[in-house]
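Open the model in your viewer and follow the stops below. Each stop says what to select and what is there.

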Amino acid sequence: MKRIAIIGIGLIGGSIALSIKKHDPNEVFIQAYDLKESQLQLARALGVIDHGTTDLDKAVAGADVVFICTPVQSVCHLLEPILLSPALKEDAIVTDVGSTKMKIVQRAQELSARSKGVFIGGHPMAGSHKSGVEAATERLFENAYYVLTPSEETEDAYTQRLKALLASTRAKVVEMKPDEHDRVVGAISHFPHVIASALVEHVYQYQQESEWYLRLAAGGFRDITRIASSNPKMWRDIVLSNHSFIVQQMKDWLKQMEHVLDMIDSGDEERIEHFFRHAKEVRDGLPDTKRGAIPSFYDLYVDIPDHPGVIGQVTTLLGIHQISITNIAILETREDIMGVLRLTFRHECDLEKAEKVLRDANFPVYRRD
Ligand SMILES: NC(=O)C1=CN([C@@H]2O[C@H](COP(=O)(O)OP(=O)(O)OC[C@H]3O[C@@H](n4cnc5c(N)ncnc54)[C@H](O)[C@@H]3O)[C@@H](O)[C@H]2O)C=CC1
Ligand SMILES: O=C(O)C(=O)Cc1ccc(O)cc1
């Protein structure tokens with residue numbers, strides 16, 4: 001029986017646990033640690049873990065592989081008590097899922113000589129703007145890249161052992177140096193999150209002048225700012241931990257914006273069209289993966305008319321048809337309706353069934369991403 005420890009059982013820790021468990025249900029025992037007893041209880045109730053504890057030594061005891069799945073600043077703090085834990089098994093692999101790698105790998109290297117285990121940095125390049133174990137799904141990492149950052153001293157046998165375990169995620173595992181990882185991921189993930197949030201803030205300032213700004217916000221604005229709905233604490237940690245690259249990229253961006261400003265101000269038709277054409281070509285040429293770096297969750301939206309008991313009708317209908325909902329939220333209000341209900345499902349087939357059941361009952365349902 002293989003023992004896997006998950007430290008921080010949220011969206012990513014839960015999704016790793018589920019994918020490993022689904023692959024080998026009878027051969028794996030998943031033990032978890034979290035600061036929040038409630039997350040451990042929920043994870044146990046959802047069948048994501050076999051055992052939960054708020055005692056770190058007990059959680060790592062006897063584990064063959066330990067995944068640290070907390071926000072990145074906590075990963076740095078947890079490395080010492082985990083790598084130097086007397087309960088850590090000889091030759092255990094300790095890995096993490098943090099969105100940045102340089103600081104984490106550097107801290108692990110400082111501790112490596114005194115540890116019984118071996119640290120290999122990791123980062124699954126898939127996620128969501130949702131968090132918590134309730135949003136975890138075993139298919140989250142399917143077809144996404146999963147970066148590992150073994151150091152030059154890491155014996156290849158350990159890396160191969162970890163890769164074999166990660167095969168259950170069906171991600172494409174690749175190896176990178178921590179600095180290259182942080183520079184590239186800074187540009188394609190971290191900095192875009194800063195831009196998305198800044199764009200929301202930008203329009204919010206205008207909103208003080210007229211309420212129409214956010215009321216009219218649709219289509220493109222929604223698409224480009226979707227990631228601004230992500231977990232603020234997680235992104236605070238990421239930005240602090242990848243500070244230098246993000247600051248550099250921000251300076252490059254300001255220069256780029258100067259060019260764009262100059263181009264638009266000049267009214268030069270040819271330059272402006274070329275700007276949009278080139279961006280379109282690069283964007284259209286992005287690798288067409290079924291599930292990319294930001295895979296959609298299985299969300300269904302229902303417009304809720306303004307009369308009592310409607311939300312109850314929706315959930316009852318789904319219950320009668322035995323369709324499980326992972327998450328439910330009322331998102332926004334428009335004048336003509338009471339709100340938009342977002343129903344999240346763990347599996348695509350549940351979403352399809354729910355869509356049919358609700359449509360047959362004349363609810364206005366739609367998908368959106
Ligand atoms: N959410 C995403 O899209 C992605 C996140 N990541 C990385 O994965 C890590 C986890 O992110 P999520 O699973 O989204 O967060 P989450 O908020 O869903 O889960 C984090 C869990 O860690 C627990 N936790 C926090 N501090 C702790 C501590 N000191 N000790 C023990 N438990 C602690 C929390 O209670 C929570 O259950 C972060 O480092 C993030 O940068 C990586 C890829 C994608
Ligand atoms: O790709 C994005 O930017 C996402 O929103 C999903 C995500 C978030 C954090 C990561 O470390 C990796 C992927």
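Start with the open sheet, where 4 strands lie in the order E10-E11-E9-E12 with antiparallel pairing. Strands (E, at least two residues) and helices (H or I, at least four) are DSSP runs, numbered from the N terminus, and two strands pair if DSSP finds at least two bridges between them. Select E10 (327-330) and E12 (365-366): these stand at the edges, each with a single partner strand, so one side of each has no neighbour in the sheet.

This is a predicted model, in which local features need pLDDT of at least 70 and side-chain atom pairs count only at pLDDT 80 or more, while totals for chains, interfaces and linings use all residues. Residues are numbered from 1 along each chain as its sequence is written, and chains are lettered from A and ligands numbered from 1 in the order in which they are written.

Asparagine 327 stands opposite threonine 344 in E11.

Now select helix H14 (residues 348-360). H14 lies across E9 (298-304), E11 and E12, and runs at about 20° to E9. Angles run from 0 to 180 degrees between N-to-C directions, and axes are lines fitted to C-alpha atoms, for helices over the stretch in contact.

Finally, select helices H4 (residues 72-83) and H5 (residues 102-112), which pack at an angle of about 15° with their axes 10 Å apart. That makes H4 roughly parallel to H5 (angles under 35 degrees count as such). The contact (C-beta atoms, placed from the backbone, within 7 Å) includes Val72 and Leu79 of H4 and Ile104 and Leu111 of H5.

How values were computed. Angles under 35 degrees count as roughly parallel, over 145 as roughly antiparallel, 65 to 115 as roughly perpendicular and the rest as oblique. Two residues are in contact if their C-beta atoms, placed from the backbone, lie within 7 Å.
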